[in-house]
Every structure is written in C-alpha cells, then in structure tokens.
Amino acid sequence: MDSSNEMHNRLTELFTRDTLLMDIFKRAQGLAPFPYYIGAGCLVQTVWNELTGRTPGYGISDIDIIYYDTSDLSYAAEDEVIKKGKEIFEGIAIPVDLKNQARVHLWYPQKFGVEINPYLSLEAAIDSWPTTVTSLGARLELNGEWKIYAPFGLEDLFQLVLRPNKALISEKIYEAKTQKWKSEWPELTVVPWSFTTPNCIYTS
C-alpha cells in the first residue's frame, strides 16, 4: 500500500470514528441529485483535533457543504436548496453553510473585490481554496464508499502544515487565516507566503 492510500484510509477511518461528522455525511446524502462535497474547515479541524489530542468538535465553527447546479444561477434557486438543507440538518449543533459553486462568480467580486471566472466543477472550486490542507472535499456515497478530493494531497494535513494556495487569495488573507488557526492549534507549522505551492492532485 502506498503512502497516499495509507493517508486516505487514515482519513476515512478518522471520519468514521467522529460521531458528528458521520451524522453529517449520512444526512448530506439527501442533497442528491446535486453533486456535492463536505469541505475544508470541519474536515481539517477534525484531523487536527485528533492529532493534537483535543476533544472532537473543538474549534469547528461551521460545516461547509458545496454543491453544483448550473441549471438555475439565481439566488432564489440556491435559497431553496438552503431551505432543504435546514430540514436535512435540523438538530445539528454547528451551523451548516450550503453554497452553489456554480454561482460564486456572481457574488464574489462584490464581497471580496476580486473578479473570478465561473467554476466549471466542484473540483475547480476546491482547487482555489486558500491553503493546501483546506483544499479538501469529501463525501460518503450511498454504497458506503468514500470520495475524497484533495488537489494538493494529504501530507500537509497529517504533518500539521499550513501552506498557501495562491490561486485566489492574497498574502493578507492567508496571514489572517493562518494566525487565527495557529492561535487555536499552536502545533501547526505555517509556511511563509513566499514559499512555492506544490503542484499535486489527489482524488479517490
């Protein structure tokens, strides 16, 4: 078994042991037929908590779930999915944030002052997320198999390393995010912005 498979298995075993995440993974199956991923912070922070001996759920402020639907790019259509999500995830103690990645380019410039091209897939959206470790999406298929998308691999995640993904964010945003995370998980190593981001695609 190569190291990427070992890390994949370690990741999914960790998810399986986490009661909150498994509840969310199973409920999220109700978002079908839209393609979707649970992504970024809640996954990464669950791993950090395991590796640093912290309690499950520590530092997790929300659950990010992304889906992709080009058939209707209106906010009204997205709002209908958000309402469906409130029903699906009713009773979950942590807020669930649902976003259609097909329409991010419509609101991103106004919110962040940067024009972006439309994402052509969920994976393209994850490719642009701010760090190599948070560029991560996962879902549990109905047949019990895991789908993991990690364009920069999983090594930084398990080594507690924060490294910039410069596809979209600025140095200022990177520094703000990493300082916040390091204040909660001081074991993290922050790679300076000036270092080059590795080019690695991992999917399973």
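Arg27 and Asp23 both belong to helix H2 (residues 19-28) and are four residues apart, about one turn of the helix. Helices (H or I, at least four residues) and strands (E, at least two) are DSSP runs, numbered from the N terminus. The model is predicted, so local features need pLDDT of at least 70 and side-chain atom pairs count only at pLDDT 80 or more, while totals for chains, interfaces and linings use all residues. Residues are numbered from 1 along each chain as its sequence is written, and side-chain values use heavy atoms, with hydrogens and water left out.

The side chains of Arg27 and Asp23 form a salt bridge, meaning a side-chain nitrogen of Lys or Arg within 4 Å of a carboxyl oxygen of Asp or Glu. The structure holds 10 salt bridges. Three of them are listed here.

| Pair | N to O distance |
|---|---|
| Arg27 and Asp23 | 3.0 Å |
| Arg17 and Glu50 | 2.8 Å |
| Glu78 and Arg103 | 3.0 Å |

Arg17 and Glu50 form a salt bridge. This pair links distant parts of the chain, with Arg17 in helix H1 (residues 3-17) and Glu50 in helix H3 (residues 41-52), 33 residues apart. Glu78 also forms a salt bridge, with Arg103. That pair links distant parts of the chain too: Glu78 is in helix H4 (residues 75-88), and Arg103 is in the loop between strand E3 (96-100) and helix H5 (104-112), 25 residues apart.

Arg17 is exposed at 53%, and Glu50 is partly exposed at 43%. Arg27 is partly exposed at 24%, as is Asp23 at 30%. Both Glu78 and Arg103 are buried.

Note on methods. Buried < 20%, exposed > 50% of the residue type's maximum accessible area, 1.4 Å probe, protein only.
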